Amino acid sequence: MFKNVKILLFMVFLSNLSCVGMKSVDVQRDFVEGWLDFENSYSTMIPQTIVSATIENFLKNGDGEKDKKVLLIGYDGVRTDALANTSLVAVPYLVAQEHSGIYHTFVGGIKGNLQKTYSAPGWTTILTGQWADKHKVVHNFVLSKSDETPSFLARAKALFPEFIIASLVHWAPLNDNVLRNEKDIIDIMYNSKDDKDLFENTRSAILEKNADVIFSVFLETDKMGHKYGFSPFIPEYTQKITEVDKYAFDLIKSVESRENYANEDWLIILTTDHGGNKFTHGGQTQQERNTWLVVNQKKYLYFEQ
Ligand SMILES: [Zn+2]
């Protein structure tokens, strides 16, 4: 039923190579190669459309014995090489698990169908599994994504109407604009005042509100990149990555501390929406396009081009 992922990876490799030159990856490659155990390389990066398809695959085909649950934690604007040059707990904790994987991914579209490496287009691609030609979020100031491209939150609700669906974000336009056409089906929609507040409310969604599918996106990493520079050499930026990753670790531990955890099957994904180049992002350099993805159950990875 599912296409061979390796063949698709090769197709992505070809399309990615042809739209972006390979010259500008030097810093990133030096840092990242040999760090952690990536399942693929820069030359076989996977499109971020895979996230949404993977979640749907898990919900449709996952273990039927246990309660299926999903936690996606977003680290806004975290370059792969900065992740590699940073003290982390959540990422290595998940990567060390038996069935997990860490992958090089990309945003910004494919040849002939490029999109800005901004937050709204990027997160909308992660939510819907489509590029901006379909989801219509071509920049940060649209009022809503297309009605034709439901998010994985909406698709989860359609599959399991009893599910409690949560979208918690620090950057309000994701809830207020991108997901506004799904307000009626998202049970918990929360805009946080800062990342600490986001952490506390996500923990509450996990432990007290028993949410089944959770989309939770931290923002202060991106803010530090804009203020001090997106670079593995900028301590203000990398320290904030450490902080957000610690929040993610505590959220994973909250999942594991649930009373019913033994009867639950959690798909946990950590990812980002774009990288950055100097003080900004939006363009098509490798530093802006390269992203990363950690998944605790890699057998569910799936996408269709
Ligand atoms: Zn962003």
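Author: Of the 305 residues in the protein, 51% are buried, where buried stands for 20 or more other C-beta atoms, placed from the backbone, within 10 Å of the residue's own. This is a predicted model, in which local features need pLDDT of at least 70, side-chain atom pairs count only at pLDDT 80 or more, and totals for chains, interfaces and linings use all residues. Residues are numbered from 1 along each chain as its sequence is written.

Reader: How many helices and strands are there?
Author: The protein has 13 helices and 10 strands. Both are DSSP runs numbered from the N terminus: helices are H or I with at least four residues, strands E with at least two.

Reader: ok, and what order do the strands take in the open sheet?
Author: Its eight strands follow the order 1-3-10-9-2-8-6-7, with mixed pairing; two strands pair if DSSP finds at least two bridges between them. The edge strands, each pairing on one side only, are strand 1 (46-47) and strand 7 (188-191).

Reader: Switching to helices. At what angle do the axes of helix 3 and helix 8 cross?
Author: Roughly 15 degrees, and the axes of helix 3 (residues 50-61) and helix 8 (residues 152-159) come within 10 Å. Axes are lines fitted to C-alpha atoms, for helices over the stretch in contact, with angles from 0 to 180 degrees between N-to-C directions. Contact needs C-beta atoms, placed from the backbone, within 7 Å.

Reader: Parallel or antiparallel, then?
Author: Helix 3 is therefore roughly parallel to helix 8, a label for angles under 35 degrees.

Reader: Which residues of helix 8 make the contact?
Author: Phe152, Arg155, Ala156 and Leu159 of helix 8, against Ser52, Ile55, Glu56, Leu59 and Lys60 of helix 3.

Key: A residue is buried if 20 or more other C-beta atoms lie within 10 Å of its own, exposed if 12 or fewer, and partly exposed in between; C-beta atoms are placed from the backbone. Angles under 35 degrees count as roughly parallel, over 145 as roughly antiparallel, 65 to 115 as roughly perpendicular and the rest as oblique. Two residues are in contact if their C-beta atoms, placed from the backbone, lie within 7 Å.
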